[in-house]
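Here is my note for your first read-through. Keep the viewer open and check each point as you go.

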Amino acid sequence: MWLRFPGLCSWGLRFGLRAVPRQQQLQLLTLKRKFTGGMEEEAKRKAGYMAVDNHVQNNQALGIGSGSTIVYAVDRIAKRVQDENLKIVCVPTSFQARQLILQHQLTLSDLDRHPELDVAIDGADEVDCDLNLIKGGGGCLTQEKIVAGCAKKFIVVADYRKDSKSLGEKWKKGVPIEVIPMAYGPVVTDNGNFILDWKFNSVSDWRKVNVSIKMIPGVVETGLFIGMAERVYFGLEDGSVCFRNRDSQ
């Protein structure tokens, strides 16, 4: 279903309305992992493990992101908590992240009790050469951005398929934009809002685009994470892991 969104008609842009009820998120994630190739899953696992080993320490408050790669990061956090007796608390970015924290018997917290986080670890749908991100394909973008913004360090984990020179090179589903619900349609985010996917061509200034979209009445948040990631870990096809820092660009 394609919609014209008020305020963007002059741009000639189209938005697709996507509906994925949150109670289906874990089921979809499980199916995705089941049918995804072993090489890709191993790349995710190694990226998640390295990020946790390099950034998670005792007595930290952690932000836990959403998506298939984060499953491996949480696995590693739980193993280290058990082996090293780490004292950490975890703040989720979504219903799925909350379930992962509880399933691994980690200490669940929130931003009321821990408004400043030491590290937030999350995945991405695409990463460009400047570490700008498209996130929110799973419908959790607003809570993901809030948690990332509360962290001293925002660390991203991904596999080799998410690494691009420019946004849109590999990710063809558009930029997720969370908007206030209209008078029809299902609930599609943990906040009870809609997700519209913006299909774009070439963009030269992502920071300007992000601000412009957020100024439109009814827009809650975008899936553009501009200048937020400090480091991104990429699991590669050969089994190794590389990383890029924002300050190295």
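1. **A pocket to start with.** Please note that this is a predicted model. Begin at the second largest pocket. Its lining has 5 charged, 4 polar and 4 nonpolar residues. In total, 13 residues line this pocket. Nearest its centre lie Asp128, Asp130, Asn132, Ser204 and Trp206. The volume of the second largest pocket is about 150 Å³. Rolling a probe the size of a water molecule over the atoms shows where empty space is left.

2. **Aspartate 205.** Now look at the loop between strand S10 (194–198) and helix H6 (206–214), where aspartate 205 is found. Is aspartate 205 buried, partly exposed or exposed? Its relative accessible area is 37%, so aspartate 205 counts as partly exposed: the value falls between the 20% limit for buried and the 50% limit for exposed. A polar atom of its side chain lies 3.3 Å from the backbone nitrogen of arginine 207.

3. **Threonine 93.** This residue sits in another loop, between strand S4 (88–92) and helix H4 (95–103). Why does threonine 93 count as buried? Its relative accessibility is 2%, and buried means under 20%, so threonine 93 qualifies. The side chain of threonine 93 makes a polar contact of 2.8 Å with the side chain of serine 66. Beyond its neighbours within four places in sequence, threonine 93 is in contact with several residues, including Ile64, Gly65, Cys140 and Val147.

4. **The largest nonpolar core.** In soluble globular proteins, nonpolar side chains tend to be buried together. Here the largest nonpolar core has 24 residues. Among those with the most contacts inside it are Val56, Leu62, Ile64 and Ile121. Several elements each supply at least two residues of this core, among them helix H2 (38–55), strand S3 (60–64) and strand S8 (151–159). Helix H3 (68–84) is also on that list. H3 gives the most, with 6 residues.

5. **Isoleucine 121, and a second core.** Which residues does isoleucine 121 touch, not counting those up to four places away in sequence? They include Val52, Val56, Ile64, Ile70, Ala73, Ile155 and Val157. There is also a second, separate core of 19 residues. Leu117, Ala120, Ala148 and Val232 are among its members.

6. **The whole chain.** Step back to finish. The chain has 14 strands and 6 helices. Of its 249 residues, 50% are buried. Take the contacts with a separation of 6 or more: residues 24 or more positions apart account for 72% of them.

Key. Residues numbered from 1 in each chain as written. Predicted model: local features only at pLDDT ≥ 70, side-chain atom pairs only at ≥ 80, totals over all residues. Heavy atoms only, no water. 1 Å grid on protein atoms, 1.4 Å probe; cavity = no way out; pocket = protein on both sides within 12 Å on 5 of 7 lines; lining within 4 Å. Points joined across faces, edges and corners; volume = space filled by probe spheres on them. Nonpolar A, V, L, I, M, F, W, Y, C, P; charged D, E, K, R; others polar. Helix = DSSP H or I, 4+ residues; strand = E, 2+ residues; numbered from the N terminus. Buried < 20%, exposed > 50% of the residue type's maximum accessible area, 1.4 Å probe, protein only. Polar contact = N/O pair within 3.5 Å; in protein donor to acceptor, adjacent residues only side chain to side chain. Contact = heavy atoms within 4.5 Å. Core = buried A, V, L, I, M, F, W, Y, C linked by side-chain atoms within 4.5 Å.
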